[in-house]
Amino acid sequence: MQPKPLTLRILDIVSILVLGIATYMALNAPTERVMGEVQKVFYFHIGTAWTALIGFILAGVLSVVYLITKDLKWDRLQVASIEVSLVFFLITILLGSIWARPAWNTWWTWDPRLTTAAVTELIYVAYFMLRQGIDDPDRRARFGAVYALVGALSAPITFFAIRLFRTIHPVVIGGTNPEADGGFSMTADMRIAFFFALFAFSIIFIDLFWNRIRLGDLQDRVEQLKLKVTM
Amino acid sequence: MITVKKLVKRFGLKTILRGVDFEVQPGEFVALLGPNGAGKTTFLRILASLSRSSLGEVSIAGYQLPNQAAQVRARLGVVSHLPLLYGDLTADENLRFYGRMYNLPNVEQRVTEILEMVGLDTRRRDLVRTFSRGMQQRLAIGRAVLHDPDVVLFDEPYTGLDQDASSMLDEVLKTVAAKGRTVVMTSHDLARAEDLATRFDILSRGVISASATRKELKRTNLLAFYKQALVN
Amino acid sequence: MVNKATEIKSMTIERPLSKGSFLKAVAAVVWKDLRAEFRSRELFSAMLVFSLLIILIFNFALELDVRTRQSVTAGVLWSTFAFAGTLGLNRSMAIEKDRGCLDGLLLAPVDRSAIYFGKVISNLAFMLIVEIIVLPVYSILYNVNLFQPGLLLVILLGSIGYAGVGTLLSAMSVQTRTRDILLPILLFPVVIPVLLAAVKASSGFLTGAEMSEILLPINLLIAYDIIFIAVAFMVFDSVVEE
């Protein structure tokens, strides 16, 4: 059994540290005038959303790479990337909900970004359900890659479609980036907290991603060893 | 006609075929025997171009698999234990469909010939789902040789057939083999294989553990040969 | 022993991948599906009855008074088509899988995408036939005129996108343990753009909106259809081969 590489262990500690610092900065950032304390949720909300999005794009690219090379290594990366993205999107959605309630008196806004995040979540869940029903590892990887590719193409189209067509529910706050749609503006201090949160979540994403890949590798090893024993 | 070198097939972490070497000359009728789970069906599926090998070379009629799969398919006929026929179409329509898929130049004529060959001419306008298992199997063989392939693969063709149907199948198989076609048939029914094959290969634990031509093997010794091969 | 390898009989194919045989194979698959369905009518009757039941349920679920009817008609229609569509897609692939017929198709010396296109066309045909019957029924039940050329165009474009992606995904779901249940779960999140655009465009035609408004969703439908059929065409091999 290989012990955790030193780099990864350091990264684990760094992740916890930056999460702590980001929390501290968020809590101590200047309070926004209109929305009050709850606005601070926004720092984490964007942090997780941004990294989940990177994970999403990564998964799409990995699909293509796997389908071309047929090397299972890429499949393991894809599973890790989608799993971590799934959790991060979930946090984004939950935080978005928590923010929306006191700020706009609703648990959910049907704005493009949040809705697309929810649809993407469903695509991810479907991805895992598809894989669950397949025993052969090669087929599982192939089907996963195909579906992830279809999903990666469909979700952005969904986003634009909602943005273009659904005028019944106007984009009130631009969902996750109020700056763009005139939600509120940020002072210098807030900006620091904001960018640090982005940075922190990127680190955390990489840490979780790496850990997940390692977990996948170890699982494979266990399967191999099991086979050796039974033969 | 068929050349297989060091064929390996893995499903994930399990290795089913571990370096199979297999060679068949044109016109031979090879009975591929072996216990259940030995990998006979897997092997046949790879030859049939329905599955890809993990390692090794396969070539049929001079064409490589998987790169020249289309050329191989044009010269290959396959009968599996599933009928590969559409229940809601008539025998006639089933054959015509496959005739078109194989881009045959004179489909109607060919379909009639085949129906006569397998003795289903009178039932040509009947729906396949009304056919007995034996009749479906005969039609399936007809489908397999519709495009006059050089090589025919049979995967456990006698499964689920009663005595009468088996005898009829014997006749059809002899007709198919008689035209000088190369045949590979898997079976766990030693008696059937004995009558038809010119060569017997045993697939055991992922490799061909033994091979003997009919001349080398005296009739009564097939069972002994088989048992010996499994022990090795 | 006769050496068969050296004789090339006139009946074997010389150029298995020539264009002629590709289209012929597509046509053969479509003909085969339509012929079999015409006989049994299982798929078709199931889809039709299911559609009518859904419309009935909507009637009780939504208060479709004269005013609201206008705004929800497009949504009700497309929901119906989306749900009934899964029945057709599932069944169409299940037929191939059950009797090993998919292997029969794969043994043919023709490009796999011919199977894909053949299946898409026959699935599309089934959907369109059901839709053509549902429209007048809905028209009568709710006193809405649904026979506008614009609407029919939207139905066509939307169904193409749905069938295009649906055929690909059903080819996958039919090979898993969870089979039928899995298809809607896979299909719906990914086909949302079609529903969005189709409902928007249908609504537009029904309420007599400006052409400029309607053109946008129609363009999206066309774009979606092209993108996904192209992608499906490229990956279909990976989905049916081992």
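Modeller: Begin with one residue pair: Leu32(B) stands opposite Thr186(B), which belongs to E8(B). The model is a predicted one.

Biologist: In which sense do strand E3 and strand E8 of chain B pair, and over how many bridges?

Modeller: Strand E3 (residues 29-33) of chain B runs parallel to strand E8 (residues 182-186) of chain B, and four bridges join the two.

Biologist: What is the order of the strands in the open sheet of chain B?

Modeller: Read across the sheet, the order is E6-E7-E8-E3-E9-E10 (chain B). That makes an open sheet of six strands, and the pairing is mixed.

Biologist: Which are the edge strands?

Modeller: An edge strand pairs on one side only; here these are strand E6 (76-79) and strand E10 (207-213) of chain B. On average, neighbouring strands of the sheet are turned by 15° against each other, with direction ignored.

Biologist: Now a helix pair. At what angle do the axes of helix H2 and helix H5 of chain C cross?

Modeller: For helix H2 (residues 42-61) and helix H5 (residues 112-142) of chain C, the axes cross at roughly 35° and come within 10 Å. The crossing of H2(C) and H5(C) is right-handed.

Biologist: Which residues make the contact?

Modeller: From H2(C), they include Leu43(C), Phe44(C), Met47(C) and Ile55(C). H5(C) contributes, among others, Phe126(C), Ile129(C), Val130(C) and Tyr138(C). By class, the contact of H2(C) with H5(C) has 13 nonpolar residues, one polar residue and no charged ones.

Biologist: How is the size of an interface given?

Modeller: Often as the accessible area lost when the parts come together. Here we count residues instead. Chain C gives 24 residues to its contact with chain A, and chain A gives 24 residues.

Biologist: Which elements of chain C give two or more residues to the side that touches chain A?

Modeller: They are helix H6 (149-173), helix H7 (179-207) and helix H8 (211-240) of chain C. H7(C) has the largest share, 10 residues. By class, this side of chain C has 19 nonpolar, three polar and two charged residues.

Biologist: How many residues do chain C and chain B give to their contact?

Modeller: There, 31 residues come from chain C and 36 residues from chain B. On the side of chain C, helix H1 (19-40) and helix H4 (101-107) each supply at least two residues. H1(C) gives the most, with nine residues. The classes on the side of chain C that touches chain B are 16 nonpolar, six polar and nine charged residues.

Terms used:
Residues are numbered from 1 along each chain as its sequence is written. Chains are lettered from A and ligands numbered from 1 in the order in which they are written. This is a predicted model: local features need pLDDT of at least 70, side-chain atom pairs count only at pLDDT 80 or more; totals for chains, interfaces and linings use all residues. Two residues are in contact if their C-beta atoms, placed from the backbone, lie within 7 Å. Ala, Val, Leu, Ile, Met, Phe, Trp, Tyr, Cys and Pro count as nonpolar, Asp, Glu, Lys and Arg as charged, and the others, Gly among them, as polar. Two strands pair if DSSP finds at least two bridges between them. Axes are lines fitted to C-alpha atoms, for helices over the stretch in contact, and angles run from 0 to 180 degrees between N-to-C directions. A crossing is left-handed if the near helix is turned anticlockwise from the far one by less than a right angle, and right-handed if clockwise.
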